[in-house]
Amino acid sequence: MSIIFKILKLSFQINKKYFLVALSSTILAAIAPTLSILVFTEVLSSLVRAKPEPEKILLLVLIYPFLTFLDNIMYRIKNSLTDLAFRYDMTEYFFKTFLKKFISLDMEMHENPKYADLINNARDGHEWRPADVLRFGWDAVYDFVGAITSGLAIFLVQPLFSLLIGISIIPRIIVDLKMEDAMWNVWTLDTDTRRRYGTLIHQNENPQYVKDIKLMNIGAYLQNKLFVLYTSVVKKQKKILFNKLKWHIIAGLLPIAVNGIALYYLVNQYYLGHIEIGAISFTLFNLLFFRDRVAQLLSDITYALSQTKYVSKVFEMLNLQNKIVNIPNPIKDIDTPPSIEFRNVSFKYPDTEKYILKDFNLKIDKSETVAIVGENGAGKSTLVKLMLRLYETTSGQVLINGLDIKTLDIESWRKECSVLLQDFTTFQVLTVKENIGLGDIEKFERETTDEKVKEAARDAKAEEFILSNKKGYEEPIGRDFNGVDFSGGQHQRIALARTFYRDSGLVIMDEPTSAVDAKAESEIFETIKGKIKSKTVIFISHRFSTVRMADRILVIDKGKITEEGTHEKLLNNGGLYSTMFKLQAKGYV
Ligand SMILES: Nc1ncnc2c1ncn2[C@@H]1O[C@H](COP(=O)(O)OP(=O)(O)OP(=O)(O)O)[C@@H](O)[C@H]1O
Ligand SMILES: [Mg+2]
């Protein structure tokens, strides 16, 4: 319930004018039917009175259509405002707040199932569910005012009836709330099933998987996995629905009985001469109206409540507190090119058991070029993530220019780093030019010519294939957007150009040319050599041809540096490096 009030309050803050108009039209629309009934029954009673008053009857007959019109028009105003106008504003509000929060969350939150489940639940309809809560919340206000008005009208005729009809709807309230809870529990308690279901839908419906699915002919196999889960969930939901129907029928009998008793009582009273004919229709209409409004109120509230459960997840997600945050007054002025040191660093990914680094020590001087090699899973990319403070060390320190990384302003530090991640992305819909410019968005928006973008593309050996497309740098990425689909290596070269465009004192490249052909790779590294003289450079590669150019090569094995030195020194060492080098070389002779 508190969420419904929270959303109503939010709607007031978002648009006060809409709110006040919606509120007054809701109240008027809700009381208008009872007023109409009142006028109608007064006409009826007047007609059969011993001394009819024609002027009064005429006046009432004239008022009646006006009230019906008021009812109608106010109802429409209320609906248009709460369903349409508020919907857009509310949707925009939640869309923006959700996205801002989503991007700002620590990597841990996105990866750790503990938080990822919450984020997924929040993502599920965060744009439209709050607007739905609002709409049904307003409908509930309308039903509530209507029920109170007719309840009051019944009370004036016979207080006992309002008590009886009130009691008669309690079972229905209990049934609705219980069933709603059961429905919600089926879907959310089993987050594991939900996660599997979501991923299976994604795999079954995403074009990215179609090629593999076709080639292995596993469509039916994967669909079957999906439908086994679907049926298991739906079976439980169907059971609840049928249960709900059964209880609704049973609970619906009580208000009908109250109506019957009321009719019997009123007819008796009429024959005894205690009430007028109009009182019978007035009470019966209001009893029916009351029952309808309460039934509607319940269905609106149960729907709104079912949505509030999702919306509460959105609020919960918006309240998540990052662990990686700036200290008060962090250092913004950072010397560049920087030196980097890992001092006794141990690290395991949050909520996991295995240490990826254990008492790890490493010092990279300013303007030094260091290559890191090691087997898959040795912890190379993890080192990069720690340098960028995407994760916090479990113990030990990462020092930048001798200062603990935690004392630096996160944004300022990341601005000093040009990074090409191993799992880089290019952005579809955006043009090639934008994709390169994203490397330094402030510079890109400042720049009046494309010269720097083009220079970065040339350095990444990307210009030739960019210009071979009709719109060149203006070509959007993605054929779905009237653009091009690049090959894997071409995507990587654009991402590399993006890294060059940033032009900061620290360059970190994790497998920068893993998909690039040998010729382009050697040309790219020639260019890099010329460009990076004054920078601190860290690159990770499995290709020894590129590793050789580093001032120093580090071999990482099981979270420790096991060898260190120049290419020649390591070759003579006879360790993992020389073994890996010889294995790779053997492939070429
Ligand atoms: N986000 C994560 N959460 C939990 N464990 C992770 C995560 N990322 C990596 N790991 C684990 O950390 C270890 C080191 O991974 P990392 O990506 O650093 O290896 P790598 O040396 O870069 O390997 P590769 O040569 O394949 O790129 C692996 O065992 C991996 O399973
Ligand atoms: Mg890696």
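This is a predicted model: local features need pLDDT of at least 70, side-chain atom pairs count only at pLDDT 80 or more; totals for chains, interfaces and linings use all residues.
**Entry 1, the antiparallel sheet.** With that cut-off settled, I looked up helix H13 (residues 380-387) and saw that it lies across S1, S2 and S4. Its direction runs at about 115° to S1. Those strands belong to an open sheet of 4 strands, ordered S2-S1-S4-S5 and paired antiparallel. I checked the edges next: strand S2 (357-364) and strand S5 (403-404) each have a single partner strand, so one side of each has no neighbour in the sheet. Then I went inside and found 5 bridges between strand S1 (residues 340-347) and strand S4 (residues 395-400). One pair I noted down: Phe342 is bridged to Val398 in S4.

**Entry 2, the mixed sheet.** I moved on to an open sheet of 6 strands, which reads S6-S7-S8-S3-S9-S10 and has mixed pairing. Here strand S6 (417-420) and strand S10 (560-565) are the edges; each has a single partner strand, so one side of each is left without a neighbour in the sheet. From one strand to the next, the twist averages 15°. I also looked at what packs on this sheet: helix H19 (residues 488-502) does, touching S6 and strand S7 (506-510). The direction of H19 makes about 175° with that of S6. Strands S3 (residues 369-374) and S9 (residues 552-557) run parallel, joined by 5 bridges. Among the partners, I jotted down Gly374 with Ile556 in S9.

How many of the 10 residues of helix H10 (residues 207-216) are buried? I got 0, so H10 lies largely in the open. Just after H10, I found Asn217 with a positive phi of about 55°.

Technical notes: Residues are numbered from 1 along each chain as its sequence is written. Chains are lettered from A and ligands numbered from 1 in the order in which they are written. Two strands pair if DSSP finds at least two bridges between them. Axes are lines fitted to C-alpha atoms, for helices over the stretch in contact, and angles run from 0 to 180 degrees between N-to-C directions. Two residues are in contact if their C-beta atoms, placed from the backbone, lie within 7 Å. A residue is buried if 20 or more other C-beta atoms lie within 10 Å of its own, exposed if 12 or fewer, and partly exposed in between; C-beta atoms are placed from the backbone.
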